[in-house]
Amino acid sequence: MKKSLYLILALLLLVLAACGNDDAAESNEETTDSKEVNLYTARHYDVDDELYKKFEEETGIKVNLIKGDADELLERIKREGDATEADLFLTADAGRLYRAKEDGLLQSVTSDLLDEQIPENYRDTDQMWYGLTKRARVIIYNQDTVTPEELSTYEALTEDQWNGRVLIRSSENIYNQSLLASLIEIDGEEQAKEWAAGLVNNFARDPEGGDRDQAKAIAAGVGDVAIMNSYYFGQMLNSEDAAEVEVAEGLGLYFPNQETTGTHVNVSGAGVVKTAKNKENAIKLLEFLSAPEAQGTFAEANYEYPVNSAVEPSELLKSWGEFKEQDIPLSSLGDNNAKSILIFNEVGWK
Ligand code: FE
């Protein structure tokens, strides 16, 4: 009995030793035979981690996660240069993905599956990055003091009736930079600047806090309307914090510019790093995250819209109704980013 145990142990050790040798041999190679992918991600959602686990189970490719703030991660990839371990960079906002591209940190990849799963307007024109989840920047309003009939467009929030009633976060935030970039693309620089100045004029307070804090400020009576990303409203409605649920239940969601230029949308997305040592694995992960199953999970757990049109949004998102989106390439958000920062400074949007 004891003897056979030793035999099994000895065999196990042999197998382990063999595996170890394999790894050593592979790590010397430049190509993509290794069974891992190094993901630098600025997203910090539990649902993402669950999806990576599923990917590992399905493919045997291990996902090594480096989490951080988007700009820090970009700096890190730059600093590490050719020696960087990063294979894939994932972050919120097309404006940031554009920065990674402009800084020469990404490479163009082709995949029929990615082309099939991700519509053209949600990916980079040079295939340097691909959108994975979609969000709308909507108007959230106090149901006691505002009727949806009073609302119409982003532009209309600059009118006198909204004086001292508008809540929105700081212009340092990329979501606002991208919103203004979209208005520059659609209305031109002059009109976009007028809008920014008009909105500042109607601010309920100096910008502070994140998107969710704008909703909370409505509940606290600081203002009546807020511009914020759709998924935050979903998160609040489903929060474990009863106070957040109560706040959200007193609010309504409105898709602006439905009769005109459409509601501003943006994506979370990812691009393969220029020096990726596990390029094929990185593409496989992109393909997995844009496939119907992962897209459904994103929508269900995080209240984001799927980019894959074969996938239906979750029940909550469906209850908000369908909406018309801005008809501009997302790459224009990056193209106009510098201009929007300049305008924000000029009009004194903190
Ligand atoms: Fe966000």
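Donors are N, O and S atoms within 2.8 Å of the metal. This model is predicted.

**Iron site**

By that cut-off, the iron ion has the protein donors Y175 (OH), Y231 (OH) and Y232 (OH). They lie 1.9 to 2.1 Å from the ion. Along the sequence, the donor residues follow the spacing Y-x55-Y-Y. Y175 belongs to helix α6 and Y232 to helix α9, so this pair ties together parts that are 57 residues apart in sequence. Y175 and Y232 are both buried.

**Helices discussed here**

| Helix | Residues |
|---|---|
| α2 | 46-59 |
| α6 | 174-187 |
| α8 | 211-219 |
| α9 | 230-237 |
| α12 | 292-302 |

**Helix α8**

The buried residues of α8 are D211, Q214, A215, A217 and I218. They sit on the same side of the helix, because their arc around the axis covers only 160°. An α-helix has 3.6 residues a turn, so residues three or four places apart point the same way. After α8 comes G221, with a positive phi near 85°.

**Packing of α2 and α12**

Two packed helices are described by the angle between their axes and the distance between the axes. For α2 and α12, the axes come within 10 Å and cross at roughly 160°. Angles over 145 degrees count as roughly antiparallel, so α2 is roughly antiparallel to α12. The crossing of α2 past α12 is right-handed. On the α2 side, the contact is made by V47, D48, L51, K54 and E58. On the α12 side, E293, A294, T297, F298, A301 and N302 make the contact.

Methods. Residues numbered from 1 in each chain as written. Predicted model: local features only at pLDDT ≥ 70, side-chain atom pairs only at ≥ 80, totals over all residues. Heavy atoms only, no water. Buried < 20%, exposed > 50% of the residue type's maximum accessible area, 1.4 Å probe, protein only. Helix = DSSP H or I, 4+ residues; strand = E, 2+ residues; numbered from the N terminus. Arc of directions from axis to C-beta. Donors = N, O, S within 2.8 Å, 3.2 Å for Na, K, Ca; no water. Axes fitted to C-alpha atoms, helices over the stretch in contact; angles between N-to-C directions. Parallel < 35°, antiparallel > 145°, perpendicular 65-115°, else oblique. Left-handed = near helix turned anticlockwise from the far one by under 90°. Contact = heavy atoms within 4.5 Å.
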